[in-house]
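Please look over the chain shown here. The report below takes it piece by piece.

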Amino acid sequence: MTLPVKEIFYDWFGANAWLFEKINAVHGDFYDRAMLLLSDIGDHHHFMPYLIALAAWSALGLGIGKVRGKGGARHYIAAWLGVFAVLAAGYAA
């Protein structure tokens with residue numbers, strides 16, 4: 001007998017639905033406001049400003065490292081380019 005892939009990787013043999021129900025059973029003023037804030041932070045409309053902020057942060061970090069003589073190595077630049085490639089592909093999709 002083979003199990004469907006959905007049962008293993010998505011539903012976790014029922015644990016996914018159980019966990020969802022347990023998390024959503026918790027309520028309170030602070031908790032509800034915090035969850036709404038976290039949902040808003042993760043909204044896909046905010047992705048481009050996050051990408052721009054991350055690019056500025058990485059450029060600043062690489063620039064400071066270069067000035068201090070401690071950074072700017074090619075592997076750091078390649079790693080950041082990989083991060084931006086993945087994020088840009090996710091945004092495009």
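Is Val-83 buried, partly exposed or exposed? Val-83 counts as partly exposed, because its relative accessibility is 35%. Buried means under 20% relative accessible area, exposed means over 50%, and partly exposed lies in between, with a 1.4 Å probe and protein chains only.

This is a predicted model, where local features need pLDDT of at least 70, side-chain atom pairs count only at pLDDT 80 or more, and totals for chains, interfaces and linings use all residues. Residues are numbered from 1 along each chain as its sequence is written, and side-chain values use heavy atoms, with hydrogens and water left out.

**The whole chain**

The chain has five helices and zero strands. Its pattern along the sequence is α-α-α-α-α. The radius of gyration is 20 Å, well over the 12 Å that the globule rule gives for 93 residues, so the chain is more spread out than a compact globule. That radius is taken over C-alpha atoms, and the rule is 2.2 Å times the number of residues to the power 0.38. Helices (H or I, at least four residues) and strands (E, at least two) are DSSP runs, numbered from the N terminus.

The C-alpha trace spans about 55 × 45 × 25 Å along its principal axes. Of the 93 residues, 8% count as buried. The chain exposes about 7900 Å², and carbon and sulfur atoms supply 71% of that area. Accessible areas come from the Shrake-Rupley method with a 1.4 Å probe.

The mean positions of the 7 positive and 7 negative charges are 24 Å apart. Lys and Arg count as positive, Asp and Glu as negative; His and the chain ends are not counted. Each charge is placed at NZ of Lys, CZ of Arg, CG of Asp or CD of Glu.

**From H1 to H2**

Trp-12 lies in the loop between helix H1 (5-9) and H2. Its phi is near 55 degrees, a positive value in a residue other than glycine. Trp-12 is partly exposed, with a relative accessible area of 44%. Phe-13 is found in the loop between H1 and H2 as well. Phe-13 is not a glycine either, yet has a positive phi of about 60 degrees. At 56% relative accessibility, Phe-13 counts as exposed.

Asn-16 belongs to helix H2 (residues 15-24). Asn-16 counts as buried because its relative accessibility is 18%. Beyond its neighbours within four places in sequence, Asn-16 is in contact (heavy atoms within 4.5 Å) with Tyr-10 and Asp-11.

**H3 and beyond**

Helix H3 (residues 29-41) has 13 residues, which at 1.5 Å a residue should span 18 Å; its end C-alpha atoms are 18 Å apart, which agrees. The expected span is 1.5 Å times one less than the number of residues.

His-44 sits in the loop between H3 and H4. At 57% relative accessibility, His-44 counts as exposed. Ala-55 lies in helix H4 (residues 47-67). Ala-55 is partly exposed, with a relative accessible area of 30%. Val-83 lies in helix H5 (residues 74-92).

The table sets sequence separation beside C-alpha to C-alpha distance.

| Pair | Apart in sequence | Apart in space |
|---|---|---|
| Ala-55 and Asp-40 | 15 residues | 21 Å |
| His-44 and Pro-4 | 40 residues | 31 Å |
| Val-83 and Ala-55 | 28 residues | 9.8 Å |
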